Amino acid sequence: MIEFRGVGLTYPGPPPVTAFRPCELTINRGDFVTVVGPSGSGKSTFLNIAGLLDAPTTGSYLLDGIDTGALKDSERTALRGRRIGFVFQSFHLMQHRSARENVALAMLYGAAPRADRVRRADEALRRVGLAHRLDALPSRMSGGERQRVAIARALVARPSLLLCDEPTGNLDSSNADTVLRLLEALHSDGMTVVLITHDAEVAARGVRTITIRDGVLRELRADEGDEHGRRTRADEAQESAE
Ligand code: ADP
């Protein structure tokens, strides 16, 4: 699904800043990967590359086998719209539009007639457990519900990859747990989920965990650490988050 071959990014400056050091990475269809690191470590840079918002300055990035470096801007935008759903920390909802409108408007630039858009919006909202809140305004919703609307909006275009940037960063622990359970359920249904966080507990929910420190990406292997006092993945994620 995602293949990085020597992908790196250096901002030109001056002075030049290597925000993401060249690395190899494969994320398979159906993976649930968390990416953890402290502020300034390169997480956003990783997300921007993976989400086709920024092009790497070295290496090649293949998304679903397509070499994204060979695409024109308009083709990259089209590929992003078709394959990638984004979920952000702040929900970016239109406050004076209902949950249904917020989701349906995400399809405005598609060819679907309004009745189809509304039907698909309702279906996406049902999927995130908000069938009873279709007409609610975001201002009348809890943070967890708002984030679920944002996830429904990301799902409605039927992406193959969900890229989540600190999706629980604005939520209390109970709402955060609801959102994480939803992401886990979507993963169980086959969605590829990549979740960026600075929170070790959130990172521990991933099936795979990748750390980023000073622009260096490293995968924590599932068999790292054990009960004999060696470091566990959770310890490492904790350390990486600090
Ligand atoms: P994180 O998301 O983990 O907080 P970022 O990916 O935003 O980290 O930043 C990684 C590094 O790249 C930081 O040192 C940051 O200062 C630098 N950086 C980010 N954006 C730019 C930019 N547009 N120009 C120059 N340096 C940048």
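This is a predicted model: local features need pLDDT of at least 70, side-chain atom pairs count only at pLDDT 80 or more; totals for chains, interfaces and linings use all residues.

Residues are numbered from 1 along each chain as its sequence is written, and side-chain values use heavy atoms, with hydrogens and water left out. Helices (H or I, at least four residues) and strands (E, at least two) are DSSP runs numbered from the N terminus, and two strands pair if DSSP finds at least two bridges between them.

**The four-stranded sheet**
- An open, antiparallel sheet is formed by 4 strands in the order β2-β1-β4-β5, with β2 (17-27) and β5 (66-67) as the edge strands, each pairing on one side only.
- Strand β4 (residues 58-63) runs antiparallel to β5 and is joined to it by 2 bridges, and L62 stands opposite D67 in β5.
- Helix α1 packs on this sheet, touching β1 (2-11), β2 and β4, where contact means heavy atoms within 4.5 Å.
- The direction of α1 makes about 125° with that of β1, with axes as lines fitted to C-alpha atoms, for helices over the stretch in contact, and angles running from 0 to 180 degrees between N-to-C directions.

**The six-stranded sheet**
- A second open sheet, of mixed pairing, has 6 strands in the order β6-β7-β8-β3-β9-β10, and its edge strands are β6 (84-87) and β10 (216-220).
- Strands β3 (residues 32-36) and β9 (residues 208-213) pair in the parallel sense over 4 bridges, and T34 has T209 in β9 as its bridge partner.
- Helix α5 (residues 143-155) packs on the sheet against β6 and β7, its direction making about 165° with that of β6.

**Helix α1**
- Because 6 of the 8 residues of α1 (residues 43-50) are buried, the helix is largely enclosed by the rest of the structure; buried means under 20% relative accessible area (1.4 Å probe, protein chains only).
- The buried residues of α1 are K43, T45, F46, L47, I49 and A50, and just after the helix L52 takes a positive phi of about 60°.

**The ligand**
- Residues surrounding the ligand (a heavy atom within 4 Å) include Y11, V17, P38, G40 and T45, and α1 gives the most to this shell, with 3 residues.
- Backbone N or O atoms lie 3.1 Å from a ligand oxygen atom at S41 and 2.9 Å at K43, whereas a side-chain N or O atom of S44 is 2.6 Å from an oxygen atom of the ligand.

Key:
Buried means under 20% relative accessible area, exposed over 50%, partly exposed in between (1.4 Å probe, protein chains only). A polar contact is a pair of N or O atoms within 3.5 Å; within protein, one must be able to donate a hydrogen and the other to accept it, and residues adjacent in sequence count only if both atoms are side-chain atoms.
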